Amino acid sequence: MQVVRHTDPQRFLDRASGHLAAQEARHNLLLGVVGNALRLPEVYPRTHMWTVEHGGRMLGTAVLTPPRDIVLGDFDTPEAVEMLVLSVRVLYRHLPWAIGNLPAVDWFVDGWCRLTEANAERIMSQGVLSLEEVSPVPPAPGRHRLATRSDRALLLQWMREFHREVHPVETFDEGCIVRTVEMRIGGDPSAAFWLWEDEDEPVSASGYGGKTLNGIRIGPVYTPPQHRGRGYATNLVAAQSKWLLDSGYRFCFLYTDSANPTSNAVYRRIGYRQVAESAQYTFTSG
């Protein structure tokens with residue numbers, strides 16, 4: 001068994017894309033991060049990628065773009081993850097967060113905590129959802145439109161509110177929020193925000209980005225509390241998903257909070273189906 005560290009996203013994809021494509025929906029976050037690192041090197045000045053291999057067979061993959069989470073792909077065995085842990089530890093004494101599908105992310109967290117004496121807390125359990133066809137949804141008043149630079153201040157405000165609501169225990173990263181909004185109002189067709197407007201008032205937002213081999217990831221999706229329960233987000237995500245599929249993507253992907261039955265019901269109504277369970281952890285020094 002060997003661990004190969006990569007710093008060139010294209011070489012990593014040349015080596016691992018067959019393995020990742022076999023379970024593209026389960027690997028959509030990792031593929032999206034590597035794809036962004038390839039297309040937007042100025043946003044990801046440091047990108048570390050790993051493949052764990054044995055006898056010509058791929059056992060698992062991971063990507064780290066400091067200071068963000070380490071993103072785990074699926075792994076065959078805990079032993080393969082242990083090899084990854086040792087390789088990551090050569091570069092970094094501390095990690096802020098880890099995210100990945102179960103059970104691989106749990107194996108990594110256990111190994112990292114044993115090796116570094118860090119403490120870990122699971123801050124969110126998530127469902128990884130995939131869509132190939134949009135189901136009809138009850139209409140809501142209003143219509144969708146593409147967000148532009150004139151919406152920058154509103155999107156920054158909403159994304160701050162979204163992160164405080166969804167990740168209340170995480171360190172607030174203003175820089176990351178600004179970069180996300182700037183990337184998605186800059187005219188790149190593979191990353192944007194849409195707004196739903198009712199009587200010309202923005203009432204909901206949905207972003208997309210993280211292009212994969214054949215798909216793209218929806219999110220974040222946010223509706224301010226005073227506008228919830230009226231079907232705005234349902235119609236917005238349905239319209240955005242349909243447009244992306246009609247534009248040539250085979251899949252749309254979503255991450256949803258497993259503890260939020262409302263959003264899970266919304267996405268199932270649109271046609272999204274769960275393909276994996278995921279978790280995000282935060283680390284603190286022991």
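Tyr267 and Tyr272 are both buried, where buried means under 20% relative accessible area, exposed over 50% and partly exposed in between (1.4 Å probe, protein chains only). The model is a predicted one, in which local features need pLDDT of at least 70, side-chain atom pairs count only at pLDDT 80 or more, and totals for chains, interfaces and linings use all residues. Residues are numbered from 1 along each chain as its sequence is written, and side-chain values use heavy atoms, with hydrogens and water left out.

A pair of aromatic rings is described by the distance of the centres and the angle of the planes. Rings of Phe, Tyr and Trp (its six-membered ring) pair if their centres lie within 6.5 Å; planes under 30 degrees apart count as stacked, over 60 as edge-to-face and the rest as tilted. The structure holds eight such aromatic pairs. One of them is the tilted pair of Trp194 and Trp243, with 5.5 Å centre to centre and 55° between the planes. This pair links distant parts of the chain, 49 residues apart: Trp194 lies in strand 8 (residues 192-198) and Trp243 in helix 7 (residues 232-246). Helices (H or I, at least four residues) and strands (E, at least two) are DSSP runs, numbered from the N terminus. Trp194 counts as buried because its relative accessibility is 5%, whereas Trp243, at 39%, counts as partly exposed. Tyr267 and Tyr272 form an edge-to-face pair, 6.2 Å centre to centre with 70° between the planes. Elsewhere, ring pairs join Phe108, Trp112 and Phe283 into a cluster.

A ring also takes part in a contact with a charge. The charged end of Arg184 sits over the ring of Phe193, 5.9 Å from its centre; the criterion is NZ of Lys or CZ of Arg within 6 Å of the ring centre and within 35 degrees of the ring normal.

Helix 7 leads on to the strands. Strand 10, helix 7 and strand 11 make a right-handed β-α-β unit; right-handed means that, with the strands pointing away from the viewer, the path from the first strand over the helix to the second runs clockwise. Strand 10 (residues 215-222) pairs with strand 11 in the parallel sense over three bridges, and two strands pair if DSSP finds at least two bridges between them. Ile216 stands opposite Cys252 in strand 11. Strand 6 (residues 119-131) runs antiparallel to strand 11 and is joined to it by six bridges, with Leu254 as the bridge partner of Leu129. Six of the seven residues of strand 11 (residues 251-257) are buried, so this strand is largely enclosed by the rest of the structure.
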